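Here are some friendly notes on the aromatic rings, for you to read with the model open. Please have a look at the side chains as you go.

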Amino acid sequence: MQPARVFEGLDWRLVGLRPGGSPHSIWQILGHMIFWQDFSLAQLRGEDPPVPEHAEESWPKEEAPRDEAEWRRAVERFIAGLDEAMRLAKGDLTAEIHARPGRTRAESLQMIAAHNSYHAGQVVLLRRMLGAWPPPGGGDTW
């Protein structure tokens, strides 16, 4: 099951809400997931992206997308990153990451999976609080 499943059938007008005093909206969580997924993928491609000075720099300031098209583009970007990670996983997983000596490609891919899984759980919780879970046609479990 791909973590992107948590975004299926979600009304873009709900993703900017912060129910129950949540520190972040679903929109912000998705943006944060994309930030670190893109960061790790860049390293896996041999690039050396700058590390943010503060963790807050990896969180979008905007609580909501401007429109449905922006929401769809963000979900598509996230899914494209997952697809790229799957392609990169077919390479030599024991090779070190150029920008992170001592870290293997396998470890970097595991970090992507763990980070996405953690935040996917947050999205499910927020969707439950918003009355928008489960996704259409999905039942209550994956």
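The points below go through the ring pairs and their surroundings.

1. A word on the basis: this is a predicted model, in which local features need pLDDT of at least 70 and side-chain atom pairs count only at pLDDT 80 or more, while totals for chains, interfaces and linings use all residues. Residues are numbered from 1 along each chain as its sequence is written, and side-chain values use heavy atoms, with hydrogens and water left out.

2. The structure holds 5 aromatic pairs. Rings of Phe, Tyr and Trp (its six-membered ring) pair if their centres lie within 6.5 Å; planes under 30 degrees apart count as stacked, over 60 as edge-to-face and the rest as tilted.

3. Helices here are DSSP runs (H or I, at least four residues), numbered from the N terminus.

4. Buried or exposed: which is Phe 7? Phe 7 is buried at 4% relative accessibility, and Trp 71 is buried with a relative accessible area of 4%. Buried means under 20% relative accessible area, exposed over 50%, and partly exposed in between (1.4 Å probe, protein chains only).

5. Within helix 1, Trp 36 and Phe 39 sit 3 residues apart, about one turn of the helix. Trp 36 is partly exposed at 22%, whereas Phe 39 is buried at 8%.

6. Finally, ring pairs join Phe 7, Trp 27, Trp 71 and Phe 78 into a cluster.

Technical notes
Helices (H or I, at least four residues) and strands (E, at least two) are DSSP runs, numbered from the N terminus.
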